[in-house]
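Reader: Could you take me closely through one part of this model, the metal site, and then through the packing that surrounds it in the chain? I would like the criteria behind each term stated as you go.

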Amino acid sequence: SIVRLHGRRVWDSRGRPTVEAEVTLACGAVGRAIAPAGASTGSGEALDLRDGGAPFGGLDVTKALAAINVAIAQALAGMDAADQAAVDARLVALDGTPNRSRLGGNAIVATSMAVLHAAAAAAGAPLWRHLAGGRPVRMPLPEIQIFGGGAHAARRVDVQDFMIMCPAAASFSEAIEWSAEVYRAAGALMKRAGKLQGVADEGGYWPAFDSNEEALDTLVQAISDAGLRPGRDAGISLDIAASEFGRGGRYTLALDQRTLDSEQMIAMLGGWLDAYPILSIEDPLAEDDPAGFRHFTQTYGARCQIIGDDFLVTNAERVAAAAAAGSANAVLVKPNQAGTVTEAHAALLAGKAAGFGTIVSARSGESEDVTIAHLAVGWDAGQLKVGSFARSERMAKWNEVLRIEEALGGAAAFSGWSALPFRER
Ligand code: PGA
Ligand code: ZN
């Protein structure tokens with residue numbers, strides 16, 4: 001049972017304060033987890049509690065830490081860490097708000113994940129195995145950013161993530177090797193073109209491009225330069241993060257200096273789908289445009305993964321509603337968007353029940369915490385999105401999955417194409 005809970009301030013990959021929770025059980029087992037933080041957040045997300053005021057740009061977390069050290073510590077004292085659902089239900093009830101604004105989504109998700117780690121430690125199992133509980137798991141298909149953009153690169157280009165996926169690789173480690181070659185090739189291309197300007201928030205190259213299409217062309221070239229066949233060995237995955245520049249059915253593209261309506265936005269993305277080897281598109285339209293999502297999915301869902309991130313905010317009811325309406329065919333699963341481990345898992349299970357692709361995802365503000373690597377394997381999500389192939393808050397996750405793959409040995413089946421929710425190729 002839980003005997004001690006401690007919240008401490010640590011720092012994330014953007015140098016901002018964040019919350020670490022540490023749980024100690026009566027048996028001596030300890031679990032620890034750090035809350036991540038988004039930059040392009042959906043309006044339906046659990047809210048991080050930040051102090052406001054002058055220090056650290058108002059982003060300090062002393063109130064969230066106090067919530068852990070007093071109210072949450074009291075509420076969880078004596079509870080069984082192995083009963084994650086009961087712990088999470090108590091956290092939700094104690095907060096009492098729909099968006100976790102009282103105790104803070106950051107305090108709650110760090111505590112929830114720390115309890116999960118403590119339970120695995122008490123059981124003497126690595127977290128992924130503790131979660132799998134004997135069920136078969138697959139190594140996830142990695143979605144790896146090559147160029148950053150949008151809110152992660154001062155809106156230098158409109159699209160937030162230009163990523164690649166290597167579903168034809170034979171294993172997770174081979175997909176990582178291929179992605180590493182593409183990342184190198186893209187860097188060399190940028191250097192030759194005099195466009196190498198460092199990296200964006202998630203480690204992808206800073207997008208010194210004059211158009212979104214120039215980024216797409218460069219990505220295809222980088223895949224070829226890496227000795228891979230575009231669309232066969234490696235395909236493109238985009239996170240449009242359209243809620244960042246779209247509202248009320250109007251989409252304002254900074255690069256092209258034009259405003260599109262929902263239908264024009266769909267036509268532009270459809271043109272990209274015809275011209276480039278794109279396997280996946282996340283948030284093609286804004287969170288307030290369900291009709292646009294539905295139209296896009298009806299038109300392109302048979303040949304492309306269409307992911308709801310800001311649109312579905314890791315919420316099981318929203319996933320079920322989107323499945324019923326046919327307005328997406330995949331769901332991004334971010335524990336801190338849902339609030340607790342149990343709610344994030346419920347969203348993933350709702351996705352699986354609907355035949356959706358399910359992608360466990362990091363945030364743009366991360367740390368050395370590798371919980372999501374274990375969730376992706378232990379929950380058999382099939383896909384994992386962590387950002388790019390640089391900066392150790394990203395590499396920590398890829399490296400952790402490599403360790404899990406090694407531990408599984410011959411039993412480490414790779415999800416590959418089976419992770420994607422469409423059949424036309
Ligand atoms: P965020 O971006 O963590 O800044 O929200 C990640 C994403 O949009 O997928
Ligand atoms: Zn997103």
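Author: What follows begins with the basis of the model, turns to the metal site, and then moves to the core and to some individual residues.

This is a predicted model, in which local features need pLDDT of at least 70 and side-chain atom pairs count only at pLDDT 80 or more, while totals for chains, interfaces and linings use all residues. Residues are numbered from 1 along each chain as its sequence is written, chains are lettered from A and ligands numbered from 1 in the order in which they are written, and side-chain values use heavy atoms, with hydrogens and water left out. The mean pLDDT (the predictor's confidence in each residue, from 0 to 100) of the protein is 97, with 100% of its residues at 70 or more, and the model scores ipTM 0.98 and pTM 0.98.

The UniProt record, an unreviewed entry, places "domain: Enolase C-terminal TIM barrel" at residues 136–422; the record's positions are in the numbering used here, its feature names are shortened, and its annotations may be inferred rather than shown by experiment. Over residues 136–422 the chain is 39% helix and 18% strand, and the end C-alpha atoms lie 22 Å apart; helices (H or I, at least four residues) and strands (E, at least two) are DSSP runs numbered from the N terminus.

At the metal site, the zinc ion (ligand 2) is coordinated at 2.1 to 2.2 Å by D239 (OD), E282 (OE) and D309 (OD). Donors are N, O and S atoms within 2.8 Å of the metal (3.2 Å for Na, K and Ca), and since water is not among the atoms, sites may look incomplete. The spacing of the donor residues in sequence is D-x42-E-x26-D. E282 lies in strand β10 (residues 278–282) and D309 in the loop between β11 (305–308) and α9 (316–325), so the pair ties together parts that are 27 residues apart in sequence. Both E282 and D309 are buried, where buried means under 20% relative accessible area, exposed over 50%, and partly exposed in between (1.4 Å probe, protein chains only).

I240 is, with F147, M265 and W272, among the residues that touch the most other members of the largest nonpolar core, which has 132 residues. The largest share of this core, 11 residues, comes from helix α3 (residues 105–123). Such a core is a set of buried Ala, Val, Leu, Ile, Met, Phe, Trp, Tyr and Cys residues joined through side-chain atoms within 4.5 Å.

Leaving out residues up to four places away in sequence, D289 touches Y251 and S262.

In helix α8 lies T297, which is buried at a relative accessible area of 9%, and a polar atom of its side chain is 3.3 Å from the backbone oxygen of S327.

Note on methods
Contact = heavy atoms within 4.5 Å. Polar contact = N/O pair within 3.5 Å; in protein donor to acceptor, adjacent residues only side chain to side chain.
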